[in-house]
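Open the model in your viewer and follow along, one selection at a time. Start with everything shown, then zoom in.

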Amino acid sequence: MKIWIDGKIKEESEAVISVFDHGLLYGDGIFEGIRIYGGNVFKLDEHLDRLYEGARAISLTVPYSQEELAFFTRETVAADGCDEGYIRLVVTRGCGSLGVSPVRCPKASVFIIVGGIQLYPEEFYRKGISLITASIRRSTVTNVDERIKSLNYLPNVMASLEAHNAGCQEALILNQDGFVAECSADNIFRVRGGRLDTPLISSGALDGITRRTVLDLAAELGIPAEERMLTCYDFYTADECFLTGSGAEVVPVSRIDGRSIGKGEPGPVTLRLAEAYGKLVRSQKR
Ligand code: PMP
């Protein structure tokens, strides 16, 4: 593991941030989770575009240009030397006083962690995972826009805990109007009659980079796909369901709220898309 912090690449034990950092005190910051395949940083520009857009949206000045941050990211990956791995890129408001106001934080903190990733065990990709609907709701009106991948993950953490306590792997999160938004750390898709559907970003979903990639792959494979408002009913009655995320990639869902989805095993469209995604990421060469 290697960590880029304040312009230096450090070992885990040396990489520390201040207790006065507003990322820690208030969750004031943004982050990206990015994959390394074949020693290459996968979709780095897309991740950085989302990061810089999020920074603009919360009025956070990243003290480096996008090109500089791309360079530092690749430099850290090279220093680590890993072929397959995961990057956590974090920009916080930086150190300030104990007050909530960000105006006393003169400089954002940036750190880049390059390490491994704990994927779901192989069995879940073969058999599918189970979801429960979380009691916690996603607010699309009063909250910070969900397109901002902010450090405020407490609702997601609570949803994830609820899933764990129910013996499930992920939690389905609904918005205030009862429409499905996404899961605690992944976007969601369903297949019905050979067609693919995924919730709208405006339903409160993160504009996931894997989600976009899967929509592109569906277009290439001639699978009709639509972004629309979807309810639990649409998932309970689906032929297939799967989640997408940089960490999870494409993971089949076999049960939601105790109901079997389709035949209760990964379906043909899910498997085609998972295979196409696998091929794409494995084609990344050093
Ligand atoms: N939704 C949430 C809440 C996430 O945290 C993530 C990333 N883990 C995703 C969706 C998937 O986004 P991406 O495909 O860009 O990794």
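Colour the chain by secondary structure. This is a predicted model, and its chain has 8 helices and 15 strands.

Now show the C-alpha trace alone. Along its principal axes, the trace spans about 55 × 45 × 30 Å. Does the radius of gyration of the chain agree or disagree with that of a compact globule? It agrees: a compact globule of 286 residues would have a radius of gyration near 19 Å, and the chain has 19 Å.

Next, select the ligand. The space it takes is the largest pocket. Keep the ligand in view and show the residues around it. How many residues surround the ligand? There are 17, and the closest are Tyr-153, Glu-182, Ile-209, Thr-210 and Ser-246.

Colour this shell by residue class.

Now zoom in on single side chains, one after another.

- Select Glu-182. One of its polar side-chain atoms lies 2.6 Å from a nitrogen atom of the ligand.
- Select Ser-246. Here a polar side-chain atom lies 2.6 Å from an oxygen atom of the ligand.
- Select Lys-149. An N or O atom in its side chain is 3.1 Å from an oxygen atom of the ligand.

How much of the ligand's accessible area does the protein cover? On its own, the ligand has 390 Å² of accessible area, and the protein covers 92% of that.

Notes. Residues numbered from 1 in each chain as written. Predicted model: local features only at pLDDT ≥ 70, side-chain atom pairs only at ≥ 80, totals over all residues. Heavy atoms only, no water. Near = heavy atom within 4 Å. Polar contact = N/O pair within 3.5 Å; in protein donor to acceptor, adjacent residues only side chain to side chain. Areas by Shrake-Rupley, 256 points an atom, 1.4 Å probe, with all protein chains shown as cover. 1 Å grid on protein atoms, 1.4 Å probe; cavity = no way out; pocket = protein on both sides within 12 Å on 5 of 7 lines; lining within 4 Å. Sits in = over half its atoms within 2 Å of the grid points. Helix = DSSP H or I, 4+ residues; strand = E, 2+ residues; numbered from the N terminus. Rg over C-alpha atoms; globule rule 2.2 N^0.38 Å.
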